[in-house]
Each structure stands twice: as structure tokens, then as C-alpha cells.
Amino acid sequence: MSIRSRVHIPGPPWMKSSSHLGVIQECEVTLQRQIEQFQVLRTIHSGKTLSSVLTRVNDTFQLSVEINKGVQTLATTLDTKLEELKEIIHSGRTRQNQNAEVTPRTLNFIGRDDFVNEVVSNLVAGRHVCMFGEEGIGRTSTAAQIINNPHITSIFADIRYWIPCSRADTFSKFEDLLCTQILGSTKLGNANRMTGLQLFLSSTNKRKLILLDDFETTWNVNEDDCKTALITLSQKTDVTLLLTMNSDQLPKGFDPKTFFRWFDEPIGGTVSPSSNPTSVTSSLLSSWVPSIIPPLERDAAANLFGSYFALTYPLSASESESLDALLKKLGGRPSLIKLVAIRAVNSATPAIQSMVQELSGTDDPMTFIIKDSVDRLERIPNYQRILNTLALFPTGLDEKQLDIWLSFRNSEAMGYLCGICLVSFNNNTRRWSLSPIIRSRLSPTDPAAIVAQREAYKMTLNILQRNADVTKGPMHPSFKTHMAELASYEPGLNELVLSMISCLNSFPDFLRELKEEGEKDRDASKDRVINSLHAYINYQSWSRDNKELTLATISLAKTWKSQKLPWLHYSLGITLLQLDQYDAARKEFDLASEGFSSQNDHFGLVCSTTQGIKARFTLGSEDYRYLMTLLDELAARPTFHLPSLCVEPGPGKRAIQRKWREG
């Protein structure tokens with residue numbers, strides 16, 4: 001037996017009392033009840049929490065269902081729009097309006113088959129090509145033949161664009177042409193239009209061909225921006241570029257072989273020679289192929305000459321010798337060969353020997369032939385007016401516009417001028433236009449050119465004055481009528497207005513030529529011109545965003561110290577808002593506000609200030625308290641009864657309360 005089992009340990013004395021035992025039992029019962037109540041309360045609390053959680057989960061689920069439905073609807077809409085966009089691009093109908101043009105047709109294209117096939121092969125392989133050639137060598141006609149080649153049309157489907165850069169003497173005009181020809185409109189909501197074009201072109205992986213014709217015009221003005229544009233257009237867009245450049249207008253020492261060395265940095269993958277050329281998914285080759293357009297060989301030049309001037313075969317030895325001498329003098333340039341042949345047909349002595357004798361004393365047969373052809377037009381009534389008027393419209397004029405701007409019977413004269421290749425008619429656009437080789441040789445200081453220019457500018461101002469109510473906005477009953485009439489003169493009207501502003505800026509005395517009867521002084525003429533230009537700017541703000549026109553008008557208004565200057569700053573601000581250039585817009589509205597304030601023009605001040613506030617809000621770079629302060633200052637002017645916007649702190653957030661101040 002252990003020691004522990006034999007030891008007796010007595011308990012506490014109070015445990016031996018029955019009364020104490022009852023107290024303990026009562027405490028146990030009370031404790032048990034408290035525990036049960038606690039468990040019940042805990043269960044109830046858990047249930048409420050669970051119910052609350054379930055309610056919130058249910059609400060969240062319902063919200064997620066609604067969001068999901070909205071997302072699905074948006075996704076369906078986006079898919080539909082994307083398919084529509086792809087279909088538009090695929091069909092080649094890129095919302096082209098009356099401003100967009102198509103490639104001119106080529107007639108009697110002879111002797112360039114091998115060259116065309118070589119360029120076509122490079123384009124199909126994904127290489128960009130730049131064709132160089134002297135004046136009259138046939139750059140545009142060769143390019144037109146290339147992009148209408150059956151192999152090109154099958155590879156590039158209908159996604160081929162012609163950009164006539166000869167009238168893009170600024171980079172802004174070049175961007176306008178790109179947007180017009182590719183999108184059908186110059187209105188593009190992105191501040192950087194080249195980036196916007198890149199996004200548009202990359203919306204489909206089908207191959208596209210862009211022809212930049214006479215690209216030297218834009219290149220000579222802004223080389224750096226042109227380089228950026230070429231890279232942007234060809235990067236991640238499946239675009240292949242075809243350029244034509246007049247080598248006579250490029251700087252001395254220009255080397256076509258090294259011209260695109262700056263483009264040698266890789267911009268993506270390459271087109272595998274074994275890949276299917278109709279489904280190129282990688283970026284195009286970064287390499288360029290310079291191609292110098294060769295002159296026509298003797299037999300091809302003779303065939304082209306004979307297609308216009310009837311040659312009697314077999315030729316005598318002297319005729320054959322004279323023809324060889326003539327063709328050598330013409331240097332295998334198709335445009336010059338056509339002019340000489342057509343001129344000979346209309347000559348009293350169409351012998352080949354006489355043509356050789358006429359050209360023997362000149363080193364520049366192109367200039368000689370053109371001048372002689374124009375000099376022989378004396379029997380054609382109003383020929384100088386026709387040529388110099390057409391020179392003002394690089395995009396040409398249709399039949400209706402021709403009657404408006406010339407205002408005399410001209411059908412017979414136009415037919416004759418077209419027959420001798422001084423004027424061309426585009427069957428696709430139904431427009432008459434001046435031949436480029438003639439346009440470059442018409443002197444703007446010639447008396448006939450000055451008269452045509454003056455009459456065209458006067459008519460432009462009359463048209464704009466007649467539609468001045470367009471400034472009153474869409475609520476005016478005649479707004480649509482004025483918009484439709486102004487649109488009927490496009491795109492030539494825009495070219496003419498810019499030309500007029502440039503002329504007035506460069507030659508201040510030219511304002512005398514635009515003076516109307518009844519105008520007392522130059523200030524009255526200036527007011528009429530600025531008011532007309534302001535009306536046209538308002539028209540363009542509803543039809544297309546043209547920052548260049550407004551900037552040119554502002555420059556003219558500053559020179560003339562016009563009272564309309566604040567409204568011009570306001571119009572430019574509106575245009576910049578539409579182009580998403582909010583900070584630049586804010587600055588223009590601030591300039592407008594300063595001008596209106598100095599003129600005590602309260603209505604203009606309200607317009608410019610509120611638009612400036614809109615620009616600041618959209619920009620999101622300034623605290624809105626400052627904007628409210630501006631409105632308060634505006635409302636405090638004694639001649640106004642405007643709402644005052646006061647910022648007051650609310651419970652947990654800011655609250656804006658409106659209250660009226662009685663001026």
C-alpha cells in the first residue's frame with residue numbers, strides 16, 4: 001500500500017455544509033441559463049449578419065447581371081460597328097464624299113510594260129517604291145497604270161488610295177488630303193491626325209496601297225514631318241506606299257539610292273517571299289526601292305507620236321531622219337511627245353521637218369511648246385480667263401461650278417483646250433482641271449491672271465456674304481439652306497479662300513482690287529472681308545475642322561487690327577475643342593475673353609468664358625473652385641443676371657449649390 005492511499009486529506013469545512021451546497025447548485029443553474037441565452041443571442045446575431053451579407057451579395061449579383069448585360073450589348077454593338085468598318089474598307093467606299101477623288105485614267109500608255117511589271121513585283125512583295133522622273137516623263141500616268149494593274153487589284157482588292165500631293169504645299173494640307181481621300185472627310189477627332197489615320201488603317205489586316213503622287217511638293221516644305229508620316233502610315237497598318245517625285249524639283253546632288261537611308265531602321269517583321277501575298281499578317285518591309293522612270297525608247301516614242309499625228313508609212317529617208325531628230329529632242333517624254341503631235345495636227349504646216357527646225361534653237365522644248373501652244377489660242381474667246389481661272393482650282397471644277405466661276409459660254413472652248421491637252425476632264429469625278437505642266441508655267445503676275453484672280457475673289461466674297469446667316473447656328477430657319485449652298489462650291493471654295501487670304505497678307509494693296517461700289521474707305525472693305533471669312537469659318541466648324549483657315553484669318557485680322565479678332569479666337573477655340581486639343585483651346589478662349597472685355601462685349605465674354613470653362617473641365621488640370629470663381633466674377637457684372645455658383649463643403653463631400661444673384 002502506498003503512502004498516498006493511506007493519507008486522509010480532509011476537504012474545506014464549508015463543503016460539508018448543506019446550505020453551501022445549495023448555493024453552488026443555484027449558481028450552476030444560473031450559469032447554465034446565461035450560457036443558453038448567450039448561445040441564442042449569438043445565433044440571432046449570426047443570422048442577422050448572414051441575412052445582411054446575403055442581401056448585399058444579392059444586390060451585387062443583380063448589379064453584376066446588369067453590368068454584364070450592358071457589356072454584352074456594348075460588345076455586340078462594337079462587333080457590329082467593326083464589321084461595318086471592315087466592310088467599308090473592303091469595298092473601298094471609305095465614306096468618300098464629293099471631295100474625294102479617284103486616280104485619273106491613262107490613255108495611249110505605250111512602252112513601259114517592263115518597268116510597270118518590275119514595280120508591281122516590288123509592291124506585291126511588300127516593298128515600298130518611290131518613282132523618280134523629270135517633268136513630262138509620265139509619273140502620274142505610270143503610277144495610275146501600276147495601281148490599276150490586274151495583279152495589284154487582286155492583291156490589294158479595292159483598298160487603293162490616290163493622294164494628289166501637288167496641291168499640298170503645307171503639311172496641314174497634306175493631312176487634309178490624306179483624311180479626305182482615305183476617310184472621305186477632314187474631320188478626325190484625334191489631336192494627331194496621322195495617329196488617327198494609323199488606327200483607322202490598322203482596323204483591318206487586309207493589304208492596302210497608298211499612292212502619294214508628286215510627293216516632292218510636300219517633302220520640300222517639311223521634310224521631317226514627311227518622314228514621320230511615311231513611317232506612321234506604313235507601321236502596323238499593312239500599308240504599302242508608292243511615291244512619285246519630280247526629280248527636277250529636288251535639291252541638287254539628290255541621290256535616289258540613298259534617299260531612304262533614314263528609313264533603314266527595322267519597323268517590324270518582313271514579308272516572307274514564300275508567304276501568301278494576299279494575307280500578309282506581319283509588318284511590311286522597311287526597305288524602299290528607288291525606281292527611276294526611263295524615257296521611252298525610240299520605237300515606243302514613234303508609236304506614241306503616230307497615235308496622235310498620222311504618219312504615212314513607209315517613211316522616206318528624210319522623214320525618218322527628221323522623226324529621229326525630233327524624238328531625240330523630245331527626250332522620250334510622253335507628255336511632251338503628245339503636245340508636239342497634237343500641236344502639229346492643228347498646224348498649217350504639219351511637216352515633221354518644220355517641227356525639228358522650230359525646236360532646234362531651244363534647250364527647253366517643254367517651255368517652248370507650251371508657250372507656243374498658248375500663244376496660238378488667240379482665236380479661242382476668253383481662253384486666258386479659262387486657263388487662269390482653272391489655275392485657281394487645283395481639284396478642278398464640275399460643269400455647274402464651271403458655269404458659276406466663268407459666267408460665260410465655255411463648252412466649245414473647253415472642248416478645244418481638252419483636245420490639245422492643256423485641260424483634262426476626269427470621267428470619274430466629272431471635273432475639268434488644268435494640266436499640271438501648264439499650271440506651273442502660268443505667271444501669277446500676268447494681267448490676265450490678275451483679272452481672273454480678282455473676279456474669282458469678288459465672287460467668293462459675294463457667296464460668303466450671301467450666306468452670312470450661317471453664323472447664327474442650326475436654330476436659324478435658313479441654316480440648312482446656307483450650309484447646302486456653301487457645300488456645293490467645295491472643295492474649290494476652300495482652296496480659293498486660302499489663296500485670297502495669302503494674297504491679302506502678301507500684297508496689302510490688293511485690297512483695292514476687291515473694293516465694291518459704295519464702300520467709303522479701306523476700313524469698310526476690311527470689315528466686309530473679315531466678316532465674310534468669319535462666316536466661312538463658322539460653316540467649316542459644322543462641316544469639317546480646318547485650323548489652317550482660322551489661323552490664316554487671325555493673322556490677317558491682327559494685321560488689320562480688326563474688331564472681329566476676339567470672335568476669330570473664339571472660333572479657333574471651338575475648332576480646337578473638336579480636335580480634342582483642350583489646352584490650346586483654353587488659351588484661345590482666354591485670348592477671346594481678353595478681347596471681349598476690352599471691347600465691353602458682354603455677350604462675347606459670356607460665350608468665351610463658358611467655353612473656356614468647358615475646356616478646363618475637360619482638360620482636368622485645374623481645381624474646379626477656380627472655375628467657380630470665374631463664373632462668380634462673370635455673374636457679378638452689373639449688366640448681367642446670371643446664376644452664381646458657390647462652393648460649400650457638404651457632409652463627407654463637396655456640394656455645389658446654385659443661387660441667383662441679382663446683378
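The structure holds 12 aromatic pairs. One of them joins tryptophan 567 and phenylalanine 596, edge-to-face, at 4.8 Å centre to centre and 65° between the planes. For the cut-offs: rings of Phe, Tyr and Trp (its six-membered ring) pair if their centres lie within 6.5 Å, and planes under 30 degrees apart are stacked, over 60 edge-to-face, the rest tilted.

Before going on, a word on the source. This is a predicted model, where local features need pLDDT of at least 70 and side-chain atom pairs count only at pLDDT 80 or more, while totals for chains, interfaces and linings use all residues. Residues are numbered from 1 along each chain as its sequence is written, and side-chain values use heavy atoms, with hydrogens and water left out.

Back to that pair. Where do tryptophan 567 and phenylalanine 596 lie? Tryptophan 567 is in helix H24 (residues 565–578) and phenylalanine 596 in helix H25 (residues 582–599), so the pair ties together parts 29 residues apart in sequence. Helices here are DSSP runs (H or I, at least four residues), strands are E runs of at least two, and both are numbered from the N terminus.

Buried or exposed? Tryptophan 567 is buried, at 18% relative accessible area. Phenylalanine 596 is buried too, at 0%. Buried means under 20% relative accessible area, exposed over 50%, and partly exposed in between (1.4 Å probe, protein chains only). Both rings also belong to one aromatic cluster, formed by Trp567, Tyr570, Phe589, Phe596 and Phe603.

Now the charges. How many salt bridges does the structure hold? It holds 14. The criterion is a side-chain nitrogen of Lys or Arg within 4 Å of a carboxyl oxygen of Asp or Glu.

Take glutamate 485 and arginine 466. Their side chains meet in a salt bridge at 2.7 Å, N to O. Glutamate 485 sits in helix H20 (residues 479–488) and arginine 466 in helix H19 (residues 447–466), so this bridge ties together parts 19 residues apart in sequence. Glutamate 485 is partly exposed at 22% relative accessibility. Arginine 466 is partly exposed at 45%.

Next, glutamate 516 and arginine 528, bridged at 3.7 Å, N to O. This pair links distant parts of the chain, 12 residues apart: glutamate 516 is in the loop between helix H21 (492–506) and helix H22 (522–543), and arginine 528 is in helix H22. Glutamate 516 is partly exposed at 30%, whereas arginine 528 is buried at 8%.

A further bridge joins lysine 173 and aspartate 169, at 2.9 Å, N to O. Lysine 173 is partly exposed at 22% relative accessibility, and aspartate 169 is partly exposed at 41%.

Salt bridges link Asp583, Arg586, Lys587 and Asp590.

Which residues form the negative surface patch? They are Asp113, Asp114, Glu118 and Glu297. Patch residues have over 30% relative accessible area and no salt bridge, with like charges joined within 9 Å and nonpolar side chains (Val, Leu, Ile, Met, Phe, Trp, Tyr) within 5 Å. Glutamate 297 lies in the loop between strand S5 (288–292) and helix H10 (298–308). At 62% relative accessibility, glutamate 297 counts as exposed.

Last, a covered helix. In H15 (residues 383–390), 6 of the 8 residues are buried. They are Tyr383, Ile386, Leu387, Asn388, Thr389 and Leu390.

Conventions: Areas by Shrake-Rupley, 256 points an atom, 1.4 Å probe, with all protein chains shown as cover. Lys, Arg positive; Asp, Glu negative; His and termini not counted. Charge placed at Lys NZ, Arg CZ, Asp CG, Glu CD.
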